[in-house]
Amino acid sequence: MSNVLLIEDDAAIRTSLTRGLRDRGHAVSSAPTALDGLRLAVEERPDLVVLDLGLPDMDGLDLLRMLRAVSRVPVIVATARDGDAEMVRLLDEGADDYVVKPFSAAQLDARIRAVLRRTGESRADSSVTVGGLRIDPRTREATLDGTPLDLSPREFDLLHYLAARAGEVITKRELLTHVWQIPYGGADKTVDVHLSWLRRKLGETSQEPRYLQTVRGVGVRLAAPA
């Protein structure tokens, strides 16, 4: 199952596509404006974005550029503009594919599956195991000693980022940049709070760490218990 973010201002189209994609096994969230879509893209880190160009608050091409500044998420552009020059421009700006309106949920589903096959080939075996921890970014599931962990989306992203770099000391600035998509820091407390929540779910504390080890004045390291 893939997590798809649909950015589309037309309520009828949004409802129809959401229903059609869910019927085909996708998890779908949606946004009616560019700013709402950008916020959800950063917060939820979907597997793929379907982006309508005709948004009420911003041209979809400008939003595509903003998405590309903070994320490498695959983007399929939905457009009524079918000229060759326009299609070339969209692909040059970072779109992975496009569909021309009107289109069906079945057609969009086929495009989504094709794009995810292409972009997912390099991370087909990207599950991470550290000690008794196993994190699978494809299913967004994490287990500890075989028991599923109940993690928020941000907690999962934080754990996966640290586990993928097990043994390395990661600074809070790096976590803010890559997990929160905040490039200039200034919110260290956010990292501290989420690390505290994550420790609790891993059954440890900062005073008695097992996996998450604080390196004072530098950052945090995830490693298997000794």
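**Entry 1: Asp59**

I started at Asp59, which counts as partly exposed at 31% relative accessibility. The model is a predicted one, and I kept that in mind throughout. I looked up where Asp59 sits: it is in the loop between strand 3 (48-52) and helix 3. Next I listed its contacts, leaving out residues up to four places away in sequence. Asp59 touches Leu53 and Arg81. I also took a distance to Ala34, which is 25 residues apart from Asp59 along the chain. Their C-alpha atoms are separated by 8.0 Å.

**Entry 2: Val70 and helix 3**

I moved on to helix 3, which covers residues 60-70 and holds Val70. Is Val70 buried, exposed or partly exposed? I found a relative accessible area of 29%, so Val70 is partly exposed. I then took the distance from Val70 to Gly60, 10 residues apart along the chain. The C-alpha atoms are separated by 16 Å.

**Entry 3: the whole chain**

I stepped back to the chain. I noted eight helices and 12 strands as its secondary structure. The C-alpha trace spans about 60 × 35 × 30 Å along its principal axes. I noted 226 residues, of which 43% count as buried. The accessible surface comes to about 11500 Å². Carbon and sulfur atoms hold 49% of that surface.

I checked the contacts between residues at least 6 apart in sequence. Of these, 52% join residues at least 24 apart. For charges, I noted 31 positive and 34 negative ones. Their mean positions are 4 Å apart.

**Entry 4: Asp92**

I looked at Asp92 in helix 4 (residues 84-92). Its relative accessibility is 64%, and the cut-off for exposed is over 50%. Asp92 therefore counts as exposed. How far apart are the C-alpha atoms of Asp92 and Arg134? I got 37 Å, for two residues 42 apart along the chain.

**Entry 5: the cis peptide bond**

Which residues does a cis peptide bond join? I found it between Lys101 and Pro102, with omega at about -5 degrees. I placed Pro102 in the loop between strand 5 (97-100) and helix 5 (105-120).

**Entry 6: Asp136 and Phe156**

Asp136 is in strand 7 (residues 133-136). Phe156 is in helix 6 (residues 153-164). I looked up burial for each. Asp136 has 7% relative accessibility. Buried means under 20%, so Asp136 counts as buried. Phe156 is buried too, with a relative accessible area of 4%.

On the same terms, Phe156 touches Ile135, Asp136, Pro137, Arg140, Glu141, Ala142 and Leu151. I also took Phe156 to Val179, 23 residues apart along the chain. Their C-alpha atoms are separated by 9.8 Å.

Phi of Arg140 is near 55 degrees, a positive value in a residue other than glycine. I placed Arg140 in the loop between strand 7 and strand 8 (141-144). With a relative accessible area of 24%, Arg140 is partly exposed.

I then checked Asp145. Its phi is also positive, near 55 degrees, and Asp145 is not a glycine. Asp145 lies in the loop between strand 8 and strand 9 (147-148). Is Asp145 buried or exposed? It is exposed, because its relative accessible area is 54%.

**Entry 7: the second largest pocket**

I finished at the second largest pocket. Its volume is about 280 Å³. I noted 15 lining residues. Which of them are the closest to the centre of the pocket? I found Lys172, Asp192, Thr214, Val215 and Gly219.

I then asked which elements supply at least two residues each to the lining. They are helix 7 (172-178), helix 8 (188-201), strand 11 (212-215) and strand 12 (219-222). Helix 8 gives the most, with three residues.

Technical notes
Residues numbered from 1 in each chain as written. Predicted model: local features only at pLDDT ≥ 70, side-chain atom pairs only at ≥ 80, totals over all residues. Heavy atoms only, no water. Helix = DSSP H or I, 4+ residues; strand = E, 2+ residues; numbered from the N terminus. Buried < 20%, exposed > 50% of the residue type's maximum accessible area, 1.4 Å probe, protein only. Contact = heavy atoms within 4.5 Å. Areas by Shrake-Rupley, 256 points an atom, 1.4 Å probe, with all protein chains shown as cover. Lys, Arg positive; Asp, Glu negative; His and termini not counted. Charge placed at Lys NZ, Arg CZ, Asp CG, Glu CD. 1 Å grid on protein atoms, 1.4 Å probe; cavity = no way out; pocket = protein on both sides within 12 Å on 5 of 7 lines; lining within 4 Å. Points joined across faces, edges and corners; volume = space filled by probe spheres on them.
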